[in-house]
Amino acid sequence: MRFGIYATTSLLAGAGLVGYTYYTRQQFYPTVIYLVTSKVSVMVLCNVAFVMTVLFGQVFKRIFLGTLRDAELEMLYDHARFAIAETCFTLSVFREEMSLRVLGLFTILLFLKTFHWLCQWRGEHIEQSEVVSRITHVRLVLLMALLAAVDMVFVVVSGLQVAERGPSVLVLFGFEFLILFVTLVAVFLRYILHLIDARVEGTWTNKFTYVFYLELVTEIVKLIVYLIFFMIIFTYYGMPLHLLRDLWMSIQNLQRRIVTYFRYRRITANMNERFPSPTEDEMNETDRICIICREEMTLDSSKKLPCSHIFHLNCLRMWLQRQQVRLISSLLASISYNSL
């Protein structure tokens, strides 16, 4: 309601400004010159552009995503605040090139980032939901295809402009859209893995292995992109201190995933020998139902953990793939202790 009043007031103010300017100048060209040179006019028109962007985003969201969940809204506000601050710091490197064009590109970038985040979160929500309508899948795929096309257009145009005219602020936008494209491709491939898993009868135990490799490759590609961007900015604009955080976080994420992978490989190697099979008496103490898949267990298909819990071997492997980080260290410690 408040935004509706604000939007209506802003649009009326913009229309009134344009109408009054044209009425006093009587010609189109002088009207345009005044609107783009007067500071008050520029502020009013920028405010109108902001309102129009938000309204377009609302329509865009309604078409492709419908109503956002509370969790999505909360994450969206947090990410938007951080993205605005981060991009402002980055734009400080190109302060001599600041213009309305750059401000417009910044607005477009933030607008598209918003829907990239929503695509990722909606995909994760679909993975966790048991029943999802077909129209939801269609809308999400169409949104990802549209965003990917827009990303590539900006990457190609920015690259051609930089190649023709030399380094400029377009380097920033080109690399930003390239990162968005890489992330979107990873989201789409993970979504495809989910669809395959949904169509496979029973449990697809290798799904999370593919997911892990996908995330690992994504982090490697992002790190390479950040390194190239860092070197370009360092070469032409000096030390980009604001990029050190992104670069460090990318390295940390990659390192964390590699460490997690080796931990997972260590604990899943020779699982038949590492974990003993339960005895008949131990099975009788349970209800013979695996708490992961909720199906009946047999002596041949089950394994007993050091904590005395019993699972299907495949369910245990799948659970470890899901967890990857949590509890693996403690489980390794328990295994090492029991082997002494």
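1. In this predicted model, Glu 127 and Arg 190 are joined by a salt bridge, with 3.0 Å between the closest N and O atoms. The pair ties together distant parts of the chain: Glu 127 belongs to helix 5 and Arg 190 to helix 7 (residues 170–199), a separation of 63 residues. Arg 190 has a relative accessibility of 24% and is therefore partly exposed.

2. A salt bridge also connects Arg 122 and Glu 72, at 2.9 Å from N to O. This pair, too, links distant parts of the chain, 50 residues apart: Arg 122 lies in helix 5 (residues 100–128), Glu 72 in helix 4 (residues 70–91). Both partners are buried.

3. Glu 72 has a further salt-bridge partner in Arg 69, where the closest N and O atoms are 3.3 Å apart. How do the two residues stand in accessibility, buried or exposed? Arg 69 has a relative accessible area of 28%, so this residue is partly exposed. Glu 72 is buried, because its relative accessibility is 0% and the cut-off for buried is under 20%.

4. Which residues do salt bridges with shared partners join into one network? They are Arg 69, Glu 72 and Arg 122. Glu 72 takes part in both contacts described above, with Arg 69 and with Arg 122.

5. As for the total, the model has six salt bridges when a side-chain nitrogen of Lys or Arg must lie within 4 Å of a carboxyl oxygen of Asp or Glu. Among them are Glu 127 with Arg 190, Arg 122 with Glu 72, and Arg 69 with Glu 72.

Key:
Residues numbered from 1 in each chain as written. Predicted model: local features only at pLDDT ≥ 70, side-chain atom pairs only at ≥ 80, totals over all residues. Heavy atoms only, no water. Buried < 20%, exposed > 50% of the residue type's maximum accessible area, 1.4 Å probe, protein only. Helix = DSSP H or I, 4+ residues; strand = E, 2+ residues; numbered from the N terminus.
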